[in-house]
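Subject: Structure handover

Hello,

Here is the structure I promised to pass on. My notes on what turned up follow below it.

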Amino acid sequence: MNRIRTERRLGWLMAGPALLLMTAVTVVPVLRTVALSLESYSLSAPGERAFAGLGNYREILTSGDWWRDLSSTVILTVTSVGIEFVLGFALALAMHKVLWGRQLLRTVVLVPYAVLTVVSAFAFRFAFQPSVGFVGGDFNWLGETWSAYTVIVLTEVWKTTPFMALMLLAGLVTVPGEVHEAAKVDGAGAWQRLWRVTIPAIRSAIMVALLFRTLDAFRIFDTVYIQTQGAVGTETLSFLSYRFLIRDLEVGLGSAVSVLLFVCVAMIAAGFVRAFRGES
Amino acid sequence: MRNLLRLAAAALTALPLTACAAAGSDGPVALTWWQGPNAETPTREAVAACTRDGKYTIKVETLPEGSDKQREQLVRRLSAKDRAVNLITMDVVWTAEFAEAGWILPLPDATARTVTDGTLDGALKSATWKGELYAAPLLSGSQLLWYRKSRAAQAGIDPAKGELTWEQLLAAAGRLPEGERGVATPGNRYEGYTVFVNALVASAGGQVVDAEGRPGLDGDAGRAAATVIGSLATGPAALKGLSTLDEETMRAAFEQGEASFMTNWGYVYAAAAERAAKEPAFKKVFDDYGWARYPRVAADRPSAPPLGGSNLAIGAGTPEDQRESAYAAIACLTSAQSQKGFMMGAGIPAARASVYDDAEVRAAFPFADVMRDSIAEAEPRPMVRKYNALSTAIQTAFHPPASVTPDTAAKAHTAVAEAVGQ
């Protein structure tokens, strides 16, 4: 009993510094953002600062901007994560199965992930520029809603499919070869083995990969900032909070958007965790 | 262990001490000048000329390209009362916001007199807020209509008279062969697009917001402006990339020949002259450059060209004992001599009238007279504290250009009212 208590104390002592640091750099700013979101406060009018209660939230939730940006964020998240999952799964299977040149394949697949998001966003913007970009043609890709979405999703997919593939590959290598052998002996075809053996076995890896990417994709900012500046209906929720906070200096409104974004992300995470628990 | 702690304590106490020592030391006052990246050489020369007597030193901090990004960086420092933001090169539209927030200091009378003397009216207006001068105009400029002389003749118009309307211009451009009929105007969703909309509204005799900050887009002037944008964007003169055009891409389209007309600032001439000197093949294009007063919206009303430029202000975080030097520095940096340096070196028109009479300047800027008159009659952008929110509202309502119909004006009116809180 005594020993358990000593060990527990030691545990707290060792985790303590990290815990303090995490509190200082995450919990404190989050609480401060919540406090600011309840104020009517603009940096360019410091004299007019006042408590606003839930006024900022009311203003945001009744404005068209929030709902428009929420729908564009959801569209971008669902399409890019969906495509990434299919491609990433195919790549993971290839990386897992291929015998010759395995190292080379894994390295090549990972290259886009090593490129900075800002750099890849610029690269795709230049590629799709009318008349000078290598995609060519006269069409102004970033000037129309649907085509701008296409370019943004393409950039995201190109950049983060490797991450998806890597996460899934980590799942695939944990499936013992004997299970496949046994299924084969029992007469299961390749398709059946994929659906009945592989996918159920790596369900947790799939969940983790989808969760990480969805949370990431939902907060998309850099690609949109570089490619369209939020024009033609591509403004996302992160961009809205940037617009209020950094551009318009509306600290209260911007903080409220950040808090709402935080709530959305927490809800997505909770949804995934619940789905995961329910299945396993 | 104890030694280590003592060392850490010593380091912690010593740090602020050394910082104090640096600030309080004798010798010249150290000023920092924050400005954009476009005029490095003239900036260096102006700083050298003004610091020659050794009373103060000026360190130049270069901000990123583009007024939006420069403002983003500056306001964060200013709202934190940064002591090292002393001299600021300000876009003409920041005055109201910066003055109202108390981020910049009003100029004392003596400095104001030096600054005002001989400076063009439009430029001074852009540096004044609620009757007080908050900045010293350094550079000015208005947009002109740039055109290829041969193509204008081919299309059967003579823009040089300065009475051309947008309607005539678009019709004439449409008569040119495919691939040459572009009329380049701002079209990207950025501040420059607000400048365009504002100039059209003002040219039609209206105001985006009036002196009391009330929006005024929902009227004949707003509808006339929207009609111009709509007919440009859906007609033959629309460039393929219109909805992403900014100053630099307009210039590229005009130099390349896809556009035969463009509305742009004076720097495009210096840029073309430089290119012509390097590329003999471009010389012929450069010799074909024509310039004229900004096009009219209504045939019977002179146009109100967009006014640009930059003013020098003093950050409110500047410590008391450095302010005298800062006032002296902006008076010196905005002298006629210094402005001539910027005009010759960076191609940006001066804010002082006398510079336009200089023989060297007239040789390098054959359009000096048109430019000076254009600045005199230019319409400043709306002076409101929430200029940025207003600008975003206008961009959102009027973008993309091809979606603009006369009804866009009423929609923009509502959005502007919401943005400026009226």
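Ser243(B) comes first: at 11% relative accessibility it counts as buried (buried is under 20% relative accessible area, exposed over 50%, partly exposed in between, with a 1.4 Å probe and protein chains only). Ser243(B) sits in the loop between helix 10 (220–234) and helix 11 (247–256) of chain B. Helices (H or I, at least four residues) and strands (E, at least two) are DSSP runs, numbered from the N terminus. The side chain of Ser243(B) makes a polar contact of 3.0 Å with that of Asn140(A). A polar contact is a pair of N or O atoms within 3.5 Å; within protein, one must be able to donate a hydrogen and the other to accept it, and residues adjacent in sequence count only if both atoms are side-chain atoms.

Some ground rules. This is a predicted model: local features need pLDDT of at least 70, and side-chain atom pairs count only at pLDDT 80 or more, while totals for chains, interfaces and linings use all residues. Residues are numbered from 1 along each chain as its sequence is written, chains are lettered from A and ligands numbered from 1 in the order in which they are written, and side-chain values use heavy atoms, with hydrogens and water left out.

The five-stranded sheet

Chain B has an open sheet of five strands in the order 2-1-3-11-6, with mixed pairing. Two strands pair if DSSP finds at least two bridges between them. Strand 2 (56–62) and strand 6 (136–139) are the edge strands, each pairing on one side only. On average, neighbouring strands are turned by 30° against each other, direction ignored. Axes here are lines fitted to C-alpha atoms, for helices over the stretch in contact, and angles run from 0 to 180 degrees between N-to-C directions.

Now the pairings. Strand 1 (residues 29–35) and strand 3 (residues 87–91) of chain B run parallel, joined by two bridges. Trp34(B) stands opposite Ile88(B) of strand 3. Strand 3 of chain B also runs antiparallel to strand 11, with five bridges. There, Asp91(B) has Ser310(B) as its bridge partner. Strand 6 and strand 11 of chain B are antiparallel too, over three bridges. Ala136(B) is partnered by Leu312(B).

Thr89(B) belongs to strand 3 of chain B. Thr89(B) is buried, at 9% relative accessible area. A polar contact of 3.2 Å links its side chain to that of Gln35(B).

How many residues of strand 11 (residues 310–314) of chain B are buried? Five of its five. In a regular strand the side chains alternate between the two faces of the sheet. Both faces of strand 11 of chain B are covered, with Ser310(B), Leu312(B) and Ile314(B) on one side and Asn311(B) and Ala313(B) on the other.

The four-stranded sheet

Chain B also has an open sheet of four strands in the order 8-9-7-10, again with mixed pairing. Strand 8 (182–184) and strand 10 (289–292) of chain B each have a single partner strand, so one side of each is left without a neighbour in the sheet. Neighbouring strands are turned by 20° on average, direction ignored. Strand 8 and strand 9 (residues 259–264) of chain B pair in the parallel sense over three bridges. Val183(B) has Phe261(B) as its bridge partner.

Cavities and a pocket

The whole structure holds three cavities of 30 Å³ or more. On a 1 Å grid over the protein atoms alone, a cavity is a set of points where a 1.4 Å probe fits but cannot get out; a pocket is an open set with protein on both sides within 12 Å along at least five of seven lines; lining residues have an atom within 4 Å of a point.

The largest cavity has a volume of about 60 Å³. Its lining includes Ser44(A), Asp248(A), Arg71(B) and Glu97(B). The second largest cavity holds about 50 Å³. Arg71(B) and Glu97(B) are also among its lining residues. Helix 3 of chain B gives the largest share of that lining, three residues.

The second largest pocket holds about 1,000 Å³. Of its 35 lining residues, Glu59(A), Asp65(A), Phe244(A), Glu418(B) and Ala419(B) lie nearest its centre. Helix 19 of chain B gives the most, with six residues.

Best wishes

Technical notes:
Points joined across faces, edges and corners; volume = space filled by probe spheres on them.
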